[in-house]
Amino acid sequence: MSATLSRGSLQPGQQKLAEKLTILNDRGIGMLTRIYNIKKQGQVWKACGDPKAKPSYLIDKNLESAVKFIVRKFPAVETRNNNQQLAQLQKEKSEILKNLALYYFTFVDVMEFKDHVCELLNTIDACQVFFDITVNFDLTKNYLDLVVTYTNLMMLLSRIEERKAIIGLYNYAHEMTHGSSDREYPRLGQMIVDYENPLKKMMEEFVPHGKSLSDALLSLQMVYPRRNLSADQWRNAQLLSLISAPSTMLNPAQSDTMPCEYLSLDTMEKWIVFGFILCHGVLNSDQSALSLWKLALQSSTCLCLFRDEVFHIHKAAEDLFINIRGYNKRVNDIKECKEQALSHAGLMHRERRKFLRSALKELATVLSDQPGLLGPKALFVFMALSFARDEIIWLLRHADNIQKKSTDDFIDKHIAELIFYMEELRAHVRKYGPVMQRYYVQYLSGFDAVVLNELVQNLSVCPEDESIIMSSFVNTMTSLSVKQVEDGDVFDFRGMRLDWFRLQAYTSVSKASLGIADHRELGKMMNTIIFHTKMVDSLVEMLFGPACSGRLCCDRSLSLCNMFLDEMAKQARNLITDICTEQCTLSDQLLPKHCAKTISQAVNKKSKKQTGKKGEPEREKPGVESMRKNRLLVTNLDKLHTALSELCFSINYVPNMVIWEHTFTPREYLTSHLEIRFTKSIVGMTMYNQATQEIAKPSELLTSVRAYMTVLQSIENYVQIDITRVFNNVLLQQTQHLDSHGEPTITSLYTNWYLETLLRQVSNGHIAYFPAMKAFVNLPTENELTFNAEEYSDISEMRSLSELLGPYGMKFLSESLMWHISSQVAELKKLVVDNVEVLTQMRTSFDKPEQMAALFKKLSSVDSVLKRMTIIGVILSFRSLAQEALRDVLSCHIPFLVSSVEDFKDHIPRETDMKVAMNVYELSSAAGLPCEIDPALVVALSSQKSENISPEEEYKIACLLMVFVAVSMPTLASNVMSQYSPAIEGHCNNIHCLAKAVNQIAAALFTIHKGSIEDRLKEFLALASSSLLKIGQETDKITTRNRESVYLLLDMIVQESPFLTMDLLESCFPYVLLRNAYHAVYKQSVSSST
């Protein structure tokens, strides 16, 4: 527009002020975003040196001198006399043009935006537009927004340190490529230089616009002071209270300045601070302007330019005014306001937040009970959201940019509560949106349309264009009906609102036929109508607009959101852990071991006479903690549950959060933390000490785990999470050797303990297996063991172990046991190889006593063979206990499946292929069922096959191993510990375990070598019988001291074997000898006990 264009020649309708303001404000936000991103990229590069964060040419060492030269000479262009410095630039020119174009043209866009804004501001001045926030709200608001956006953009531009380097580099590259500077460069370079100090330049620039800007700002004197009140003033006025005046509860909330009631205080402060800096002259001439200015300066110490870029008000204003003649008073005003803000603003805003917490809580509670009030009192909701949002933003901004040592006023532990009540109000509006639509559709058609029609009819002058627009308003509102809401029709009043914006522009210029300044009632009525239309078609936009706390998160990084949700989940997890600890302690009190003292006290009380001395005080029984003498008594568990319920309510409040197109699910954070903590807790509750080899009893661990699981299951009452999934993930991992993090599990800990501690002590002769008790028991020795073997190996403990480890864990335990057996078998085979010739002769000479005796003397390592076979028997006996316990547990959990597997196993035809049979045995073994051939043992021994030995040789060694064991058995009779004890149904040196070892080793070896198990066991029985019958003829008492006890081993072997029968034993060994042997050991047992 020409500067000489006369005001009289302007046609307001042709200037499209409303459209230009709308487009430029939207464009301005986009430009701010682009400039902000360029600035942030520079900061990231400085902080971490990331080349990706900044154009590489700004950090290229080869271009360093060229960049410095360009910046020093900026905006001048000198390419002729500096060939040396710019030589490298010549090589990179095409790449520089390509890579810096986006940055350069962003700055060009800023310049173009500036031109458009200046042109529009000149047009507004020329039209002498009337501004009053209470009348032409949209026009005034958009005008002030544009001024502030333009100011913020130029200030942000001046904060980009690399702006000269980027623009200069691009232009030099352009000059070298095309022979001339870019056509935009001269103006762009000059703009960059002019706006080195943007506010100072803009103060000069806005001198012609002072009248319009000051008029718009002064219209805030009816709005801003009313909004910027103390908490006490709010409290005295009973602000936002629906129940303070019950008689008017159903009356619609009315105001002459409806849109100003929920206008952001933060926005108004930006308008006032930046506006009066630009038109500072009015501060000296108008007391109202000075009052507004000072009030804004006393409320804050900094304002937001864009996102996390802030403007420190007092320092910047003081630096600007101190150099202006006659502004000493204004400088003093700024200093006084700064002191006031530093000393009182924090406290004032803290009290406001305190008031708003209670006010929003009351409002949310009333509306949840009476949602119909959302209709008449909708204004209260949006006022509450706007007030709370302003206070939250103020706190966030000032907490990050605090200028005083005392920070108490800037730390608010209850900020989450305020945000929560905002979310509650938003939830009510979303839920009862149709209720509000019905109310305001009737309001618009039944009241607003009538009142507006009367106002239009009473207008003395109404041009045709304005008349058409306002008639359309009336017709639009009159045509509304409740049926449209019931039918789910989509309402859209955006056109009507834009028409009102246009009408404001038409009627606000000085030459307008219908001047809105003379018809304020019309403006106020239309502002109210616009609010009512938004209640019908733009509820969601209103909630997610300036009054929405959700927008606060947009400028926060994903990592902050992740950290926040993670911290919430951690706190909930810690509370749950504390509750679990308490419950585990209570469950521990119910363990059988704790009742011994109570029983003892009861017995003593009955048997002893009452004495004068006071007896030992009675121990509190479990359950006492549940007895409450009064309701005021609060235990630690009560406090934990209260805190947990509050945290879980927050976690469960929203199913997910979408931030920057990323979806966060708060419940998943809790689930993840519970899984990790549950895993650590289970392993921790084993109390395994590697140094002392101590570990918790399986039954006690199971009790603790069940108590823990009960607490975790109760979490489902607080949060909608699948706790079964947590159990499955954690408990299944505990059945493996290592968990998903590579840490030891209870399976590996218990497997290691039973193998390395319990069974090792059995091998050392400190523990014996008692078949009658189905447990391992400590033997009286000089060095007492630190644990009682029976308490870890009886039926109840093994069942508890099976519950904890499950079939997978028990399979791992079995495989570990079998690995130890296979190592013993490997050693046995070596001993067989050492005695192979003697054993081969003995195998065919069992019916020649003299030759057998001579050959036996040639055998070496006889005791070692028996000891190793006994160890194998002990391990197999322990595995038998474990398998039996697993079967019992699975029979309780899955009885039908176990019975089906058992039926399947029992009905395998004898002629079935061995591979198929082994598959069935493997299935049966996994269910804890005993098998004729142990599949785990077969697998373990199969891995021992040596490449250097032929299968025939391997088979021979297996046969001779059985021979070795058979001919060595008589030597057991001379061992004093080989005496059979009827009470335990075994021998104290565990030789009764040989029965299991012989049968299972034979079955496994001859399955592997495809021999006849039955034939080999018959051969073993014949050799063993022959060898044992010989000691019946011995006269040496030491050699035969426990002869009868050893005889019984033959009976045990046959009883244990599925392949041998008593008839077969009778043919080898007279039953009368067995009967006499049983008689002798039982008689000896009775005599020794008496």
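Cys988 counts as partly exposed, with a relative accessibility of 27%, in a structure that is a predicted model. The sulfur of Cys988 lies 12 Å from the closest cysteine sulfur, which belongs to Cys993, and that is too far for a bond. Cys118, by contrast, is buried, at a relative accessible area of 16%, and its closest cysteine sulfur, in Cys279, is 16 Å away, again too far for a bond. A disulfide is a covalent bond between the sulfur atoms of two cysteines, and a search of the whole structure finds 0 of them. The two cysteines are set out below.

| Cysteine | Relative accessible area | Closest cysteine sulfur |
|---|---|---|
| Cys118 | 16%, buried | Cys279, 16 Å |
| Cys988 | 27%, partly exposed | Cys993, 12 Å |

Strand E1, residues 302–306, is mostly covered, since 5 of its 5 residues are buried, and E1 pairs with strand E2, residues 309–312, in the antiparallel sense over 4 bridges. Within this pairing, Leu303 stands opposite Phe311 in E2. The hairpin has 2 residues between its strands, and Arg307 takes a positive phi near 55 degrees there.

Helix H23 covers residues 494–508, 15 residues in number, and reaches 21 Å from its first C-alpha to its last, close to the 21 Å expected at 1.5 Å a residue.

Definitions and conventions:
Residues are numbered from 1 along each chain as its sequence is written. This is a predicted model: local features need pLDDT of at least 70, side-chain atom pairs count only at pLDDT 80 or more; totals for chains, interfaces and linings use all residues. Side-chain values use heavy atoms; hydrogens and water are left out. The expected span of a helix is 1.5 Å times one less than its number of residues. A disulfide is a pair of cysteine sulfur atoms within 2.5 Å. Buried means under 20% relative accessible area, exposed over 50%, partly exposed in between (1.4 Å probe, protein chains only). Two strands pair if DSSP finds at least two bridges between them.
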